Amino acid sequence: GMPDRDGPSMRFPCCILLCLTLWTIGTAGYDLQYMSVWDLEDGPDIHEYREWANFIFTTDNATKIREVHKAGFTHNFFNTYKCFVSDYKLKSDYVAAWHKCRTNTVLPLLAEGAIKGVFFGDELGFMCITLHDLELMMNLTRHTLPKDTVLYYNEAYPVIVDGGCSYHRHINYTHVPRVLDWISVDYYPDEGTIVGAQKLFKEYLYPKMAPHQKALFVAPSYGAGNPQLSNQLCCNNNTRDGPNPPCHGNCTAAMLQWAVAVYNWARRDDRLIGINPWHFMGKPVANGKFTPGMRYMPQVYKKWRQIGAEIVSGKLRDVENKD
């Protein structure tokens with residue numbers, strides 16, 4: 001029958017609401033559970049990385065993927081880029097090429113539990129591969145793999161903002177391909193600011209995503225080979241979002257700021273399930289751009305290991321005041 005609108009039952013939902021509110025505050029960032037670094041599998045100490053990372057995604061080397069899985073990485077991806085793309089375009093024989101990859105490599109890796117999904121590659125729309133072609137490859141993959149296979153790719157910010165792709169061309173990128181589960185976008189201090197990154201996701205990426213889709217942020221984790229390049233690449237003072245805080249030619253200082261700010265953002269944003277900074281390897285080179293990688297920047301590496309350990313353990317705590 002009709003509930004008694006004025007009776008005690010009306011007080012009960014308030015209690016539930018209050019409890020839920022407190023629970024939500026207490027578990028802010030609960031969705032944040034994945035951590036990796038681009039080309040992490042190329043590092044020499046994969047067993048040690050398991051303490052602070054839980055997936056790899058950039059390789060199509062099945063032997064390497066099996067080795068990483070054996071080291072305890074539970075959520076790996078097989079990189080299908082070469083199965084589908086040649087010369088920055090969808091292969092004309094992509095169906096046959098995919099079935100070969102699927103039969104020989106992807107299905108066996110899935111059956112072993114060595115991978116949880118496939119990674120289609122980096123900035124495919126920015127190569128000016130059309131949304132139509134992206135959906136052809138992604139829909140085919142979705143229809144030919146087990147239902148719970150996770151589909152993921154990374155895109156460049158101009159595609160997400162206005163369909164901008166390389167050589168000042170455009171594609172009509174109205175939405176993130178619907179069959180995808182994960183999408184990430186990279187955004188660095190030579191392009192914008194950390195505040196701008198959050199705005200980019202909120203205003204441009206999230207409206208193009210379906211409710212079931214989750215995002216990752218590809219944070220910067222690189223150095224430069226001289227102070228002038230460091231100011232340009234690590235703390236640019238003239239980006240589309242305005243100036244970054246000055247780093248006085250010191251990429252380490254800038255990358256530490258980004259690491260903490262990205263983590264604090266990701267812990268509070270329920271669309272973000274992972275962080276996978278670019279990039280791990282790459283030794284210091286005189287006058288090098290975007291190098292060294294994280295592994296050769298001791299303080300930055302330490303900070304990301306700390307953040308990653310919290311993410312993969314499920315114990316999310318503040319890191320601002322730690323050294």
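A disulfide is counted here wherever two cysteine sulfur atoms lie within 2.5 Å of each other, and in this predicted model the count by that rule comes to 4 disulfides. Cys128 and Cys165 form one of them, with their sulfur atoms 2.1 Å apart. This pair links distant parts of the chain, since Cys128 sits in the loop between β5 (117–122) and α6 (131–144) while Cys165 belongs to strand β7 (residues 164–165), 37 residues apart. The torsion about their S-S bond is about 105°, so the disulfide is right-handed, and both Cys128 and Cys165 are buried.

Cys83 and Cys101 form another disulfide, in which the sulfur atoms are 2.2 Å apart. Here the link is left-handed, with -105° about the S-S bond. Because Cys83 lies in helix α4 (residues 81–84) and Cys101 in helix α5 (residues 94–112), the pair ties together parts that are 18 residues apart in sequence.

A further disulfide joins Cys234 and Cys251, whose sulfur atoms are 2.0 Å apart. Cys234 is in helix α9 (residues 227–234) and Cys251 in helix α10, 17 residues apart, and both cysteines are buried.

Helix α10 (residues 251–268) also leads the reader to helix α11 (residues 298–313), for the axes of the two come within 9 Å and cross at roughly 10°, which makes α10 roughly parallel to α11. The residues of the contact between α10 and α11 divide into 10 nonpolar, 2 polar and 2 charged; among them are Met255, Leu256 and Val260 in α10, and Trp304, Ile307 and Ile311 in α11.

Key
Residues numbered from 1 in each chain as written. Predicted model: local features only at pLDDT ≥ 70, side-chain atom pairs only at ≥ 80, totals over all residues. Heavy atoms only, no water. Axes fitted to C-alpha atoms, helices over the stretch in contact; angles between N-to-C directions. Helix = DSSP H or I, 4+ residues; strand = E, 2+ residues; numbered from the N terminus. Parallel < 35°, antiparallel > 145°, perpendicular 65-115°, else oblique. Contact = heavy atoms within 4.5 Å. Nonpolar A, V, L, I, M, F, W, Y, C, P; charged D, E, K, R; others polar. Buried < 20%, exposed > 50% of the residue type's maximum accessible area, 1.4 Å probe, protein only.
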